[in-house]
Amino acid sequence: MPPSLLGPELQSLIKARLIEKVQGSVTEKNGYIICVLRVEETGSGKILDTSADVIFNVKYKAVLMKPFLGEVMDGFVEKVDKYGILVSVGPIVVFISKVNFPYYDYDDDNNLY
């Protein structure tokens, strides 16, 4: 946080900056961060020598989505073509190759399997 923002509204500004930075992002460890629910704890700040900005460690609760291999999920079909099917599952777009359903043939006229 820049020094100009260090004041009585600091906690709400930290939460706003946290949401801006992490909500909608994805990490290998946590998966997709869908929504920040609340800030649990804000550590004491550390002043950076180069800019005088202050960095805070923030502990927060969030709604996450971390799918695992083989998990069955509900989704919406976005696109069907001769190569396979695109399905939206929350923030994820999944491609299901036609190789995964070999007993079905693609119908060009109706754009379906």
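1. Helix H1 buries Leu10, Ile14, Leu18 and Val22 (buried is under 20% relative accessible area, exposed over 50%, partly exposed in between, with a 1.4 Å probe and protein chains only). Seen down the H1 axis, these buried residues fall within an arc of 80°, so they line one face of the helix; the arc is taken over directions from the helix axis to the C-beta atoms. An α-helix has 3.6 residues a turn, so residues three or four places apart point the same way.

2. Before going on: this is a predicted model, where local features need pLDDT of at least 70, side-chain atom pairs count only at pLDDT 80 or more, and totals for chains, interfaces and linings use all residues. Numbering runs from 1 along each chain as its sequence is written, and side-chain values use heavy atoms, with hydrogens and water left out.

3. Strands E2 (31-42) and E5 (58-65) are among what covers the buried residues of H1. Helices (H or I, at least four residues) and strands (E, at least two) are DSSP runs, numbered from the N terminus. Just after H1, glycine 24 has a positive phi of about 90°.

4. The largest nonpolar core has seven residues: Met65, Val80, Ile85, Val87, Val89, Ile92 and Phe101 (a core is a set of buried Ala, Val, Leu, Ile, Met, Phe, Trp, Tyr and Cys residues joined through side-chain atoms within 4.5 Å). Strand E7 (residues 84-89) gives the most to it, three residues. Another core, of five residues, lies apart from it and includes Met1, Leu10, Val54 and Phe56.

5. Worth a look: alanine 52, in the loop between strands E3 (46-47) and E4 (54-55), has a positive phi near 70°.

Technical notes. Contact = heavy atoms within 4.5 Å.
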